[in-house]
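I opened the notebook to look up a few things in this structure. The entries follow below.

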Amino acid sequence: MRVFSVSHKTAFVVDHCPYMAESSRQLIECDMLTKSRSQGLIPLAPVAKSLWTCAIECSMEYCRILYDVYPTKKLVNYIVSDSEVHILNSWKQEDQSTHKLMTALAAVGPPNPRQDPECCSVLHGLVAAVESLCKITEYQHESRTTLMDTADRVANRGRIICLTNAKSDTHVRMLEDCVLETIQEQNKRAAGSDRLMPIQQCELVLVHIYPQGEETLVSDRQKKELSSVLSSEVHSVRAGRNLATKLNVLVQQHFDLASTTITNIPMKEEQHANTSANYDVELLHHRDAHMEFIKSGDLHMAGSTSRDSGLKETVTLKWCTPRTNSVELHYCTGAYRISPVDVNSRPSSCLTNFLLNGRSVLLEQPRKSGSKVISHMLSSHGGEIFLHVLNSTRSTLEDPPSISEGCGGRVTDYRITDFGEFMRENRLTPFPESMVDAASRTPVERAKFQLERHTRYWPMIISQTTIFNMQAVVPLANLIVKDTLTDEDVLTCQKTVYNLVDMERKSDPLPISTVGSRGKGPKRDEQYRIMWNELETLVKAHVGTSERHQRVLECITACRSKPPEEEERKKRGRKREDKEDKTEKNGKDTEEKGWTTDSERLKGVMEREKDEQSECEIIKDSPDSPEPLNKKPRLATEEQHPPEQSKGPVSLLTLWTNRITQANSRKHQEFAGRLSSVNSKAELYQHLKEENGMDVHENGKATR
């Protein structure tokens with residue numbers, strides 16, 4: 001759909017009645033340029049412009065700025081109203097120029113103060129402006145013929161700017177009512193015509209002009225909706241400089257323009273050719289040229305506000321002296337046409353001629369400290385001057401920035417790879433809207449629903465998730481987000497859950513992040529508890545999708561509810577880990593201070609052995625556990641001869657070696673010689689000694 005905004009059509013209505021010939025009372029000195037005055041020469045009397053002259057000059061400045069920034073597609077229809085209507089141009093593109101308008105205004109001439117005021121009225125011009133807005137422009141006609149079947153979608157909006165001298169607020173309301181009635185009548189006519197278009201939206205801007213030194217009889221009023229089609233606003237302005245400033249502000253508001261002031265422009269003085277002074281030039285352009293300032297928050301606003309309105313703001317940029325005549329290649333993100341505010345001033349004229357001669361000027365942001373930042377460049381192309389926006393931040397041609405440099409701050413463990421896969425799975429492709437599914441959903445609706453399902457639970461940081469870091473959970477995570485599940489999908493999810501149960505039984509390690517935590521992190525049971533909770537959260541987010549999703553949740557719930565034997569085994573395992581940690585701590589303290597006796601350590605070893613024996617019995621009774629290895633009974637020699645208590649503190653290595661030795665001794669059959677030895681000494685070749693009639697004593701020495 002081709003949309004035409006209100007700024008596409010602007011109808012200027014200037015009052016040409018006798019009261020507009022009244023003086024504005026803003027005096028202009030005529031002999032101020034005379035360098036020397038002879039004696040006896042009578043000075044020239046100052047003159048004052050009429051209200052008509054002020055209105056024409058300010059409206060022409062409005063049109064000049066508009067044509068400079070928007071050479072096409074922004075059209076003006078200029079109408080002069082007195083006893084009749086004078087339409088100075090049409091909506092055609094070839095009629096859009098200030099030269100053509102000034103030529104037509106010269107033919108109209110100034111208002112006649114001797115003319116009967118009762119025969120003149122600005123209402124004729126307002127009615128003609130409404131009729132003109134109903135006419136089709138070239139661009140609207142092109143859009144209507146291109147769209148053909150949808151020609152009714154082409155919008156028709158416009159704006160009427162009326163410059164007059166109203167009598168009172170009642171007079172203003174009468175003008176507004178006249179415009180509203182005319183719009184309603186013209187819309188009825190346009191509905192039955194192919195050459196006219198009904199007005200969908202119209203903005204009426206009434207500017208009341210009154211001379212200097214008088215009190216206004218019309219009060220200002222903000223924009224007000226009079227109907228669904230018409231809105232109106234009233235501005236009461238003194239003629240002269242105030243009127244020029246008001247229309248300058250209005251053109252910025254109506255066409256989304258912004259102001260930039262170029263400061264410190266070096267310029268040679270006429271009187272002293274060897275000296276130079278710095279000047280400032282204000283330029284108008286599209287507001288997008290300041291978009292980078294707005295995004296980065298580096299918008300420097302200068303205090304150049306007018307007396308009538310505080311809306312006039314300007315961004316200050318500093319002149320950088322060009323070094324060469326050649327235009328260097330700069331990375332630009334935008335180029336916008338400019339228009340000088342004071343086009344006839346000497347600084348503006350010099351700057352314009354300088355740029356049109358093929359020179360370019362770099363502009364930098366004024367900063368109190370730090371290196372200078374060049375953000376804009378002025379250059380001409382084809383006889384038109386453009387303000388180029390230079391990229392002052394990271395270029396898209398460079399390497400992509402690290403994600404830690406973005407809004408996340410110091411967070412660097414984003415799931416970047418997973419997010420890339422997520423984008424790949426949710427790509428959009430063109431698809432006809434007529435294709436709907438069984439639920440009467442269009443492709444766009446289905447795409448939004450799929451995106452909503454995939455993001456119900458999607459942690460952004462690696463340290464905030466466990467299951468998405470596990471390869472074993474990938475099949476379930478990919479299937480649970482689907483709209484429908486098959487029986488094979490449910491079986492795959494159940495197998496994934498059973499694999500997790502097997503991992504927990506084997507106490508396989510999990511990819512738990514220890515960032516920000518002290519020590520070894522959570523224990524194994526706590527890790528699996530976190531994993532099961534997160535898996536249950538993921539499945540619960542999709543449990544309402546279908547019945548098969550509910551079956552997956554039921555499987556997880558059933559696997560989490562462990563038998564009493566399993567809970568008892570886990571409890572004893574935790575108790576054993578606590579005691580091991582306590583023993584290790586006691587061992588370290590013993591090496592440092594020597595507080596604890598070795599009898600207490602041996603007592604701890606004996607208690608752990610009992611725990612291991614009871615654990616083996618529980619594991620043997622558990623149906624989910626394999627058959628444990630048969631342990632050999634404790635040897636009689638070990639029971640009768642406990643390890644001797646060593647003098648002094650026992651090291652942690654000694655305790656660990658004794659424990660390993662005792663555990664290994666129960667796993668093999670002892671040698672026969674070691675069983676029959678005396679004081680751990682076995683006599684060799686006993687059968688030979690018996691044959692020779694020798695006796696063997698307990699100490700192992702032979703006697704006759």
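Accessible areas here come from the Shrake-Rupley method with a 1.4 Å probe, and for residues only the protein chains shown count as cover. I looked up the accessible surface of the protein and found about 42600 Å², of which 51% belongs to carbon and sulfur atoms.

I noted the ground rules. This is a predicted model, in which local features need pLDDT of at least 70 and side-chain atom pairs count only at pLDDT 80 or more, while totals for chains, interfaces and linings use all residues. Residues are numbered from 1 along each chain as its sequence is written, and side-chain values use heavy atoms, with hydrogens and water left out.

I looked up the secondary structure, taken as DSSP runs numbered from the N terminus (helices: H or I, at least four residues; strands: E, at least two). The protein has 20 helices and 20 strands.

I checked burial (buried means under 20% relative accessible area, with a 1.4 Å probe and protein chains only). Of the 704 residues in the protein, 37% are buried. In strand E10 (residues 257–268), nine of the twelve residues are buried.

I then asked which strand pairs with E10 (a pair needs at least two DSSP bridges). Strand E13 (residues 314–320) pairs with E10 in the parallel sense over four bridges. Ile262 stands opposite Leu317 in E13.

Last, I looked at two helices, with axes as lines fitted to C-alpha atoms over the stretch in contact and angles running from 0 to 180 degrees between N-to-C directions. The axes of H3 (residues 123–133) and H5 (residues 169–191) come within 9 Å and cross at roughly 35°. Residues in the contact (heavy atoms within 4.5 Å) include Leu126 of H3 and Cys178 of H5.

Conventions. Buried means under 20% relative accessible area, exposed over 50%, partly exposed in between (1.4 Å probe, protein chains only).
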